[in-house]
Amino acid sequence: MRLRDVHFSISRRAIFSGVDVDIGRGSVTAIMGPSGTGKTTLLRLITGQLLADRGLVEVEGRDVATMSRPEIYRMRRRMGMLFQNGALLTDLNVYENVAFPLREHTTLPERLLRHVVLTKLHAVGLRGAWHLMPAELSGGMARRVALARAIVMDPELLIYDEPFVGLDPISMGMILRLIRRLNDSLGLTSIVVSHDVREISAVADICYLVSGGGIVASGPPARLAHSEQEEVRQFMHGLPDGPVPFHYPSPDYESQLRQVPA
Amino acid sequence: MIASLARELLTSLRTALEALGAYTLFGLRLVAETPRALLRFGLVVQQIHNAGAHSLVIIMMSGLFVGMVLGLQGFDLLERFGSEESLGTAAALGLLKELGPVVTALLFAGRAGTALASELGLMRATDQLAAMEMMAVDPVRRVVMPRFLGGTLSMPLLAAIFSLIGLFGAQLVGVQLMGVDSGQFWSQMRGAVEFGDVMEGVLKSAVFGVACSLIAVFEGYHSVPTAEGVGRATTRTVVISSVVVLLLDYMLTAVML
């Protein structure tokens, strides 16, 4: 999978201006960067939910922009995506949520379908929770159910959008281990969008740092951690001020304080 | 001053035309998807239950009270002309041709329409629709169509129940309370109400069913994915549905009279 010179803007605001990314088969690739820099947008470009204004987004040798809707759907059948909040269907229980893609795309007999669903739930440690409704799950459990649903069609590419947001350390550890374990044992390719530097550095093979409409750095996590580049240092070490300013652009402090409200 | 007013008018006109265009395109898509959606009739039945069965209590109670009021007002009016035995005919024609379809549609918009719009809006706000897209499942086909068809098919059934209960209410007041002769009440009704009158009500409720369901699923599906956006979609559903139902009622009545 590769992106070449990708430009994308929303309402005339440039999100990307010339992004290049390569994602190798079998790797865990992290897309990192400060909030609002377009990490999720990058995922949407890869999955064909958005189309680039200019440049090439290529998945398995095919340009996503030239694909028809049925072709994009066929491509997505080979992808799994874990959304930030799990995005479980709230009117279905855990079992039916995981079974949903199978029921929609296959005609598996109920016995076999049950076997597959329980196997995937077992892989994420929630076989016993098959009967619970999404409202009865904790944030970490919901994320794991969503992960079981994402792998139920045995995808080749697994995409994680901010998988650690709002999780306690135990749940975060579980998800981290699952990312690596599933990638290696199922022979997947994984893309993880996150701004949790320490966590993602532990499982990623290669990291891309997105900022200011482009890729400011890329490479193995250890190399990025020791980078002297100012933007990279600020992000990797969580420095409050730097190329990404602490203050939103503001008028002069004193004159604003003296100003009488209308 | 006049120039800015004209500009505002033009902008409003353009917005209205764009909305009408979007509604038309969405409606055409739903029509095109209908045969395929009917093949998965189980999903439609589920939505008939959600939109129809869950609206039954409010429809039946409203039908009863509307019928009772019709009985009282009708008796008062007809008594002045000495023709109170025609109460059955008046109540039946009023309910079947007008009150049944219109009041049911307004209640449907308030009960089932808002539920549909908020459900779809929340599904968008919580990424459930995006998740379906990512699972290569078309949300219009899987989520919107069953709800649209469920609402459309529920409306004539609900209107029929409303009219039946309404007739019972009118009979309760007219015959049991005001002393109209029971035989006269029913026989005059049987004699005066024709098949065409019943079909007028059925046609109206079918059209209202399509309109209310289309508005609800359109507003919900296209809502802004925030709490405020979902709230706005719900409100718009009720307001637009109510106005459209009354407008369509006038147009259909004018054509069919």
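Helices (H or I, at least four residues) and strands (E, at least two) are DSSP runs, numbered from the N terminus. By that rule, chain B comes to 9 helices and 0 strands, while chain A has 10 helices and 10 strands. This is a predicted model, in which local features need pLDDT of at least 70 and side-chain atom pairs count only at pLDDT 80 or more, while totals for chains, interfaces and linings use all residues. Residues are numbered from 1 along each chain as its sequence is written, and chains are lettered from A and ligands numbered from 1 in the order in which they are written.

**Chain A overall**

- The C-alpha atoms of chain A fill a box of roughly 70 × 45 × 40 Å along the principal axes.
- A compact globule of 262 residues would have a radius of gyration near 18 Å, and the 20 Å of chain A agrees with that. The radius is taken over C-alpha atoms, and the globule rule is 2.2 Å times the number of residues to the power 0.38.
- Buried residues make up 35% of the 262 residues in chain A. A residue is buried if 20 or more other C-beta atoms lie within 10 Å of its own, exposed if 12 or fewer, and partly exposed in between, with C-beta atoms placed from the backbone.
- Of the contacts in chain A with a separation of 6 or more, 64% come from residues 24 or more positions apart. Two residues are in contact if their C-beta atoms, placed from the backbone, lie within 7 Å.

**The four-stranded sheet of chain A**

- Strands of a sheet pair through backbone hydrogen bonds, either parallel or antiparallel. Here, two strands pair if DSSP finds at least two bridges between them.
- In chain A, 4 strands form an open sheet in the order S2-S1-S4-S5, with antiparallel pairing.
- Its edge strands are S2 (13–22) and S5 (62–63) of chain A, and each pairs on one side only.
- Strand S1 (residues 2–10) of chain A runs antiparallel to S2(A), joined by 7 bridges. A:Phe8 has A:Phe16 in S2(A) as its bridge partner.

**The six-stranded sheet of chain A**

- Another open sheet in chain A has 6 strands in the order S6-S7-S8-S3-S9-S10, and its pairing is mixed.
- Strand S6 (79–82) and S10 of chain A each have a single partner strand, so one side of each is left without a neighbour in the sheet.
- Neighbouring strands of this sheet are turned by 15 degrees against each other on average, direction ignored. Axes are lines fitted to C-alpha atoms, for helices over the stretch in contact, and angles run from 0 to 180 degrees between N-to-C directions.
- Strand S3 (residues 28–32) of chain A pairs with S9(A) in the parallel sense over 4 bridges. A:Thr29 stands opposite A:Ile206 in S9(A).
- S9 (residues 206–211) and S10 (residues 214–219) of chain A run antiparallel and share 5 bridges. A:Ser211 stands opposite A:Gly214 in S10(A).
- S9(A) and S10(A) form a hairpin with 2 residues between them, and A:Gly212 in the turn has a positive phi of about 55 degrees.
- Helix H5 (residues 139–151) of chain A lies across S6 and strand S7 (157–161) of chain A, running at about 170 degrees to S6(A).

**Chain B overall**

- The C-alpha atoms of chain B fill a box of roughly 65 × 55 × 30 Å along the principal axes.
- Of the 257 residues of chain B, 44% count as buried.
- Among contacts in chain B between residues at least 6 apart in sequence, 87% join residues at least 24 apart.

**Helices of chain B**

- Helix H3 (residues 56–80) and helix H4 (residues 87–125) of chain B pack at an angle of about 145 degrees, with their axes 10 Å apart.
- Residues of H3(B), including B:Gly67, B:Leu70 and B:Gly71, meet residues of H4(B), among them B:Gly94, B:Leu95 and B:Leu99.
- B:Thr234 is found in helix H9 (residues 227–256) of chain B. B:Thr234 counts as buried because it has 22 C-beta neighbours inside 10 Å.
- Leaving aside neighbours within four places in sequence, B:Thr234 is in contact with B:Thr114, B:Ala117 and B:Ser118.
- B:Thr234 and B:Gly121 are 113 residues apart along the chain, yet their C-alpha atoms are separated by 8.6 Å.

**Where the chains meet**

- 14 residues of chain A are in contact with 10 residues of chain B.
- Helix H2 (69–76) and helix H3 (94–105) of chain A are the elements that give two or more residues to the side of chain A that touches chain B. H3(A) gives the most, with 4 residues.
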